[in-house]
Amino acid sequence: MPSQELIIKKTFLLLLEKGYDRFSISDLQKSAGISRGLLYRYFEDKQDLARQACMHYFVDRFKMPKELVENGSMLQAMEHTARVMEAIMAEVREDLGVFNYRKYNMLYAELVLRDAAFGRRASKTFSKMYPILENAAKRGEIRKGLDLMFVRNMFWDILCRSTYCDSSISEDDFVKKVFSDIKDFYALIKG
């Protein structure tokens, strides 16, 4: 019998492939080899299923460990985030053969717009970055006088970048560029 974790993974993969509007419970049943009854034992409806899958891949996996929040550097937080993103990319590539960073970010944006509960929980999780920034500023890790909210927002904007979407850049180069931009940004703010 498929586990709840497998259902969440298959749901996320289908959401990435098809998008929210084209994703269907029937697609999931076929992909995961499950009955509709089993699916509804774990999830209320399509929105609940999509929310839980996206919470796992967009929010929960990015939670900063307590030790990092309390004592970590800005660089460690950025590296943690990059490692989580690389792990998600590898997992998706293993199943789909490709990771589409653009679709990943577009799905996130769509869920934030569609589902207020998802948006609130994501915002609460990502607000944990602020204490890391405050500590980094106190230690002199980042330049004095920088607006910490601006720094946090710029980091997330770079990570969730979609500005290359209309260019001819390859997916692998796109991902490399995002991670290169994170390192360049850190070099700019470093104290």
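The largest nonpolar core has 65 residues, and F12, L28, F58, M74, Y101, Y104 and M129 are those with the most contacts inside it. A nonpolar core is here a set of buried Ala, Val, Leu, Ile, Met, Phe, Trp, Tyr and Cys residues joined through side-chain atoms within 4.5 Å; buried means under 20% relative accessible area, exposed over 50%, and partly exposed in between, with a 1.4 Å probe and protein chains only. Helix α6 (residues 74–96) supplies the largest share of this core, 9 residues. Helices are DSSP runs of H or I with at least four residues, numbered from the N terminus.

The model is predicted: local features need pLDDT of at least 70, side-chain atom pairs count only at pLDDT 80 or more, and totals for chains, interfaces and linings use all residues. Residues are numbered from 1 along each chain as its sequence is written, and side-chain values use heavy atoms, with hydrogens and water left out.

Leaving aside residues up to four places away in sequence, M74 touches M129, I132, L133, A136, R139, E141, I142, V151, Y186 and I189; contact means heavy atoms within 4.5 Å.

Helix α6 also contains E86. With a relative accessible area of 43%, E86 is partly exposed. Between E86 and V175 the C-alpha to C-alpha distance is 9.4 Å, although they are 89 residues apart in sequence.

Which residues of α1 meet α2? I7, K10, T11, L14 and K18 in α1 meet D27, L28, S31 and A32 in α2. The residues of this contact divide into 4 nonpolar, 2 polar and 3 charged; Ala, Val, Leu, Ile, Met, Phe, Trp, Tyr, Cys and Pro count as nonpolar, Asp, Glu, Lys and Arg as charged, and the others, Gly among them, as polar.

Definitions and conventions:
Helices (H or I, at least four residues) and strands (E, at least two) are DSSP runs, numbered from the N terminus.
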